[in-house]
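Take a look at the protein model below. This report goes from the overall fold to single side chains.

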Amino acid sequence: MSTPTVGTAPVTDPAPTKGLAIGKLGLWGSTVIGIASTAPLFSLAATLGYVIIAVGAQAPIAFILAFVPMLFTAFAYRELNNDVPDCGTVFTWAAKAFGPRTGWMAGWSIAVAGVLVMANLAEIASVYLLTLIGDGSLAENRLIVTGFGCVIIAAMTWVSLRGVEIGERMQQVLLVIQYLAMAAFVVGCLIGFFNGSAPDPTPVSIDWFNPFLADGTGMVQAILLALFIYWGWDTCLALTEETKDPRRTPGRAATLTTVILLVTYVGVTVVAMMYAGLGDTGTGLANEAHADDVFSVLAGMAMGPLGWFLVIAVAISALSSSQTTILPTARGTFAMGVYQALPARFAKVSEASKTPTFSTTLVGVIAIVYYAGMNLVSTDVLADSLLSMGLAIAFFYAIASFACVWYFRRTLFASRRNVFYRLVFPLLGGLFMAWAFVQSAVDMLDPDYGYSQLAGVGGAFIVGIGSLLLGVVLMFVWALFPGSRDYFQKRSLNRDTEVLAPE
């Protein structure tokens with residue numbers, strides 16, 4: 001029998017984890033993935049025109065107002081992550097705060113949003129990249145576009161399976177390309193404004209930041225439009241177990257991501273307005289003819305022969321986001337498998353890459369099937385699915401915000417800090433997200449909303465609400481299986497459950 005050496009710490013077993021790679025991402029890597037997940041360049045290109053049509057010169061303040069509830073929600077995420085650093089994020093937090101069914105629906109809504117946006121991002125990346133090849137005829141061939149889009153999803157799924165570090169390195173390169181393109185566009189616009197070559201030079205006005213000068217209905221529409229282009233920062237929290245200092249770094253990265261996005265969106269919007277003006281004809285930003293992609297019209301004028309760089313950067317933005325979207329979606333279903341809210345196979349992890357194998361692969365396969373299927377049914381329905389995505393996002397953001405208040409209900413008034421960060425800010429964020437969900441659903445009921453309709457109801461409403469109702473059905477179906485009993489009877493996950501996450 002050996003005698004322990006004096007001064008040597010006793011050997012203890014490491015704390016149990018889910019098997020994910022530990023401590024691979026720092027603050028910078030986590031922030032990069034958070035920003036990339038929002039597809040900032042594409043999001044702005046596809047939204048700016050519609051925001052300006054809605055509120056005109058008050059577009060910058062619309063982006064700022066949309067940022068506020070998103071920041072409040074980010075505070076709720078940070079507080080919950082500090083106490084429960086789990087890759088399941090809203091699924092885990094909601095199950096702990098409200099119970100298994102609310103948690104299950106939160107996890108389902110995250111998965112729905114991920115699949116819907118992946119399909120649409122693949123479509124955008126495919127069309128843009130094929131447009132740059134030859135005379136552009138390839139981008140008009142639906143079979144080629146769909147096939148290439150499926151290849152893109154498959155490739156991004158493969159990258160995600162290879163490991164979070166490989167994805168981080170790729171995202172750094174793709175994000176640099178996006179911001180270089182935006183910087184070149186901003187410089188070109190400023191040069192055009194100051195030398196008088198801009199199509200409609202418009203001096204900056206303090207009125208651009210006065211929300212009371214905008215039409216009330218228009219401002220509501222603009223805020224709803226702007227709200228959802230901030231979505232994606234929460235990817236930082238889904239990777240919490242693969243991040244260094246998981247209780248603090250993901251929350252800091254999420255807050256930093258939202259601030260960087262605010263500066264990006266408002267800054268580029270102001271410069272674009274200075275350059276192109278607010279006219280509804282020609283290159284004016286309020287021209288409905290190119291509202292779905294304002295940069296494609298202005299790129300050649302502002303950047304000259306480098307205009308192609310901005311166009312390809314928009315495609316890269318969509319491509320980049322399609323990969324980062326897989327990460328939180330797969331880790332959400334993975335966590336649901338770990339806690340038996342889904343079959344055990346969802347909890348499988350690759351020993352080599354330390355990534356969820358079945359969950360990641362299944363997310364990619366479902367996205368491909370949905371994307372290809374919608375292209376066969378109708379591209380209008382595919383476009384409506386992108387609009388409907390806002391319902392799922394508002395749904396799980398509202399749940400996260402309210403979960404923060406209820407989970408910390410016993411300590412809300414323990415300090416002044418808790419009053420603001422665990423009660424006031426999350427509650428305001430939750431109320432806003434709930435309003436955004438209801439208001440968006442009411443708007444989508446209109447058959448003229450979006451691109452398709454069925455029985456006098458907008459296609460976006462049918463896809464958005466239908467996908468959430470499908471989740472309710474699947475939840476009750478899974479509850480019939482013996483493997484689900486521990487979860488739905490609060491044995492595998494409850495308020496007192498120690499999450500399997502690294503310290």
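How many helices and strands are there in the chain? There are 17 helices and 2 strands. Both are DSSP runs, numbered from the N terminus: helices are H or I with at least four residues, strands are E with at least two.

## About the model

This is a predicted model, in which local features need pLDDT of at least 70, side-chain atom pairs count only at pLDDT 80 or more, and totals for chains, interfaces and linings use all residues. Residues are numbered from 1 along each chain as its sequence is written, and side-chain values use heavy atoms, with hydrogens and water left out.

## Overall shape

Along its principal axes, the C-alpha trace spans about 85 × 55 × 55 Å.

Contacts are heavy atoms within 4.5 Å. Take the contacts between residues at least 6 apart in sequence: 79% of them join residues at least 24 apart.

## Surface and charge

Of the 503 residues, 57% are buried. Buried means under 20% relative accessible area, exposed means over 50%, and partly exposed lies in between (1.4 Å probe, protein chains only). The accessible surface of the chain is about 20,200 Å². Carbon and sulfur atoms hold 66% of this surface. The areas come from the Shrake-Rupley method with a 1.4 Å probe; for residues, only the protein chains shown count as cover.

The chain has 25 positive and 30 negative charges, and their mean positions are 18 Å apart. Lys and Arg count as positive, Asp and Glu as negative; His and the chain ends are not counted. Each charge is placed at NZ of Lys, CZ of Arg, CG of Asp or CD of Glu.

## Salt bridges

A salt bridge is a side-chain nitrogen of Lys or Arg within 4 Å of a carboxyl oxygen of Asp or Glu. The whole structure has 8 of them. One joins Arg417 to Glu79, with the closest N and O atoms 2.6 Å apart. Arg417 lies in helix H15 (residues 416-445) and Glu79 in helix H3 (residues 59-83), so the bridge ties together parts 338 residues apart in sequence. Glu79 is buried, at 1% relative accessible area, whereas Arg417 is partly exposed at 38%.

Glu79 also forms a salt bridge with Arg422, at 3.0 Å from N to O. Arg422 is in helix H15 and Glu79 in helix H3, so this pair links parts 343 residues apart in sequence. Arg422 is buried, at 16% relative accessibility.

A further bridge pairs Glu123 with Arg142, their closest N and O atoms being 2.9 Å apart. Glu123 sits in helix H5 (residues 100-131) and Arg142 in helix H6 (residues 142-162), so this bridge ties parts 19 residues apart in sequence. Glu123 is buried at 14%; Arg142 is partly exposed at 31%. Shared partners join Arg78, Glu79, Arg417 and Arg422 into one salt-bridge network.

## A glycine in a loop

Where is Gly304 placed? Gly304 is in the loop between helix H11 (294-303) and helix H12 (307-338). Gly304 is partly exposed, at 31% relative accessibility. Gly304 and Gly188 are 116 residues apart in sequence, and their C-alpha atoms are 8.4 Å apart in space.
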